[in-house]
Amino acid sequence: MLDAFSLNYRIALAEEGCFDRSQASHAINLCDMNAKYADVVKTSEALEFLDKLPSGMFDLPKGSPAAAPKPKMAANF
């Protein structure tokens, strides 16, 4: 997360998607991350946001199937 923040990405963190050893330290770390590095949101909010994005926004190009490369033989053959 810190690397992404350092590269000026806007970070959203689903609070139910992370864990800490105790409930208190978990809450403190989420508060710290929210104050400094990320928008801490409920998972339902993150999913709702993703559902509202235009369809096909993340589709990869289809491309064409390439022929498999011919295997190289060892030098002693």
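Helices (H or I, at least four residues) and strands (E, at least two) are DSSP runs, and their numbers count from the N terminus. The model described here is predicted.

**Elements and overall form**

The protein has 3 helices and 2 strands. Read from the N terminus, the order of these elements is α-β-α-β-α. The protein is more spread out than a compact globule, because its radius of gyration is 22 Å, well over the 11 Å that the globule rule gives for 77 residues. Along the principal axes, the C-alpha atoms fill a box of roughly 65 × 40 × 25 Å.

Of its 77 residues, 12% count as buried. Among contacts with a separation of 6 or more, 62% are between residues 24 or more positions apart.

| Property of the protein | Value |
|---|---|
| Box of the C-alpha atoms | roughly 65 × 40 × 25 Å |
| Residues that count as buried | 12% of 77 residues |
| Contacts between residues 24 or more positions apart | 62% of those with a separation of 6 or more |

**The nonpolar core**

Which residues make up the largest nonpolar core? There are 5 residues in all: I11, L13, L30, M33 and A38. Leaving out residues up to four places away in sequence, L13 touches C18, L30, M33, A38, D39, V40 and V41.

**The largest pocket**

L13 is also one of the residues that line the largest pocket. The space in this pocket is about 230 Å³. Its lining consists of R10, A12, L13, A14, D39, V41, E45, A46, F49 and L50. By type, these lining residues divide into 7 nonpolar, no polar and 3 charged.

Which element supplies the largest share of the lining of the largest pocket? Helix 3 does, with 4 residues. Strand 1, strand 2 (39-41) and helix 3 (43-51) each supply at least two residues of the lining.

**A loop residue**

N8 is found in the loop between helix 1 (2-6) and strand 1 (12-14). The phi angle of N8 is near 65°, which is a positive value in a residue other than glycine. Is N8 buried or exposed? N8 has a relative accessible area of 72%, and exposed means over 50%, so N8 is exposed.

Note on methods:
Residues are numbered from 1 along each chain as its sequence is written. This is a predicted model: local features need pLDDT of at least 70, side-chain atom pairs count only at pLDDT 80 or more; totals for chains, interfaces and linings use all residues. Side-chain values use heavy atoms; hydrogens and water are left out. A nonpolar core is a set of buried Ala, Val, Leu, Ile, Met, Phe, Trp, Tyr and Cys residues joined through side-chain atoms within 4.5 Å. Buried means under 20% relative accessible area, exposed over 50%, partly exposed in between (1.4 Å probe, protein chains only). Contact means heavy atoms within 4.5 Å. On a 1 Å grid over the protein atoms alone, a cavity is a set of points where a 1.4 Å probe fits but cannot get out, and a pocket is an open set with protein on both sides within 12 Å along at least five of seven lines; lining residues have an atom within 4 Å of a point. Grid points are joined across faces, edges and corners, and a volume is the space filled by probe spheres set on the points. Ala, Val, Leu, Ile, Met, Phe, Trp, Tyr, Cys and Pro count as nonpolar, Asp, Glu, Lys and Arg as charged, and the others, Gly among them, as polar. The radius of gyration is taken over C-alpha atoms; the globule rule is 2.2 Å times the number of residues to the power 0.38.
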